[in-house]
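Here is a short note to read beside the model. Keep the structure open and check each point as you go.

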Amino acid sequence: MLHRAGDREEARNRLTALWHEIGPQGDAFHRCALAHYMADTQDDPRDELDWDLRALEAAEGFVTERPDNAAPGASSVADGPGPRHPLVALRAFFPSLHLNIAADYAALDRPADAHAQLRRARASINALADGEYRQGLRDAIDRLQLRIDGAAGRTA
């Protein structure tokens, strides 16, 4: 709410306190979500990239196909003895994470890295159910692709 109201600094301060409270061994889903939001509060695009990469690392590092106590066929994210989150909830982050990282790379004038992340965003979007969220991500991916390609055309 603070960030949306325009108080990026206070939002960043509070998210930083939560980040330290969760700690490096904390729940992966929470670390992923927190880092994802923390990236949006950054003023420097390099810092934004760093937080988006932390979010992706948390998501990628703790996805498991089936924890020991899950029902057959169930999928969840297990991160130690703490909470378990549906795998689909964490997978829903991947297209957005890759899109954000692509935007970070584009802001840092690294079009090859941006294109690589856009490919990953497109690939991961297939895990999402059809709907507004999926279509909104597709549209955002297409817009960023056009922006990057347009910038490349101006510098060529």
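Is Arg 12 buried or exposed? Point 2 gives the answer.

1. **What you are looking at.** This is a predicted model, in which local features need pLDDT of at least 70, side-chain atom pairs count only at pLDDT 80 or more, and totals for chains, interfaces and linings use all residues. Residues are numbered from 1 along each chain as its sequence is written, and side-chain values use heavy atoms, with hydrogens and water left out.

2. **Arg 12.** Arg 12 is buried, because its relative accessible area is 18%. Buried means under 20% relative accessible area, exposed means over 50%, and partly exposed lies in between (1.4 Å probe, protein chains only). Arg 12 sits in helix α1. Setting aside residues up to four places away in sequence, Arg 12 touches Met 38, Thr 41, Gln 42 and Asp 43. Contact here means heavy atoms within 4.5 Å.

3. **Asn 13.** Asn 13 also belongs to helix α1, which spans residues 8–22. Asn 13 counts as partly exposed because its relative accessibility is 39%. Look across to Thr 41. The C-alpha atoms of Asn 13 and Thr 41 are separated by 9.5 Å, while the two residues are 28 residues apart along the chain.

4. **The whole chain.** The protein chain has 7 helices and 2 strands. Helices (H or I, at least four residues) and strands (E, at least two) are DSSP runs, numbered from the N terminus. Along the sequence the order is α-α-α-β-β-α-α-α-α. Of the 156 residues, 39% count as buried. Take the contacts between residues at least 6 apart in sequence: 54% of them join residues at least 24 apart.

5. **Helices α2 and α3.** Helix α2 covers residues 28–40 and helix α3 covers residues 45–61; their axes come within 8 Å and cross at roughly 165°. Axes are lines fitted to C-alpha atoms, for helices over the stretch in contact, and angles run from 0 to 180 degrees between N-to-C directions. The crossing angle therefore makes α2 roughly antiparallel to α3. The cut-offs are under 35 degrees for roughly parallel, over 145 for roughly antiparallel, 65 to 115 for roughly perpendicular, and oblique for the rest. Residues of α2 that meet α3 include Cys 32, Ala 35 and Met 38, and on the α3 side they include Trp 51, Ala 55 and Ala 58. By class, this contact of α2 with α3 has 9 nonpolar, 1 polar and 5 charged residues. Ala, Val, Leu, Ile, Met, Phe, Trp, Tyr, Cys and Pro count as nonpolar, Asp, Glu, Lys and Arg as charged, and the others, Gly among them, as polar.

6. **Helices α5 and α6.** What angle do the axes of helix α5 and helix α6 make? The axes of α5 (residues 93–107) and α6 (residues 111–125) cross at roughly 165° and come within 8 Å. So α5 is roughly antiparallel to α6. Among the residues that meet are Phe 94, Leu 99 and Tyr 105 in α5, with Leu 118, Arg 120 and Ile 125 in α6. The contact of α5 with α6 divides into 11 nonpolar, 3 polar and 2 charged residues.

7. **Arg 134.** Arg 134 lies in helix α7, residues 132–155. Arg 134 counts as buried because its relative accessibility is 12%. The side chain of Arg 134 reaches the backbone oxygen of Leu 128 at 2.9 Å. Leaving aside neighbours within four places in sequence, Arg 134 is in contact with Ile 125, Asn 126, Leu 128 and Ala 129.

Note on methods. Polar contact = N/O pair within 3.5 Å; in protein donor to acceptor, adjacent residues only side chain to side chain.
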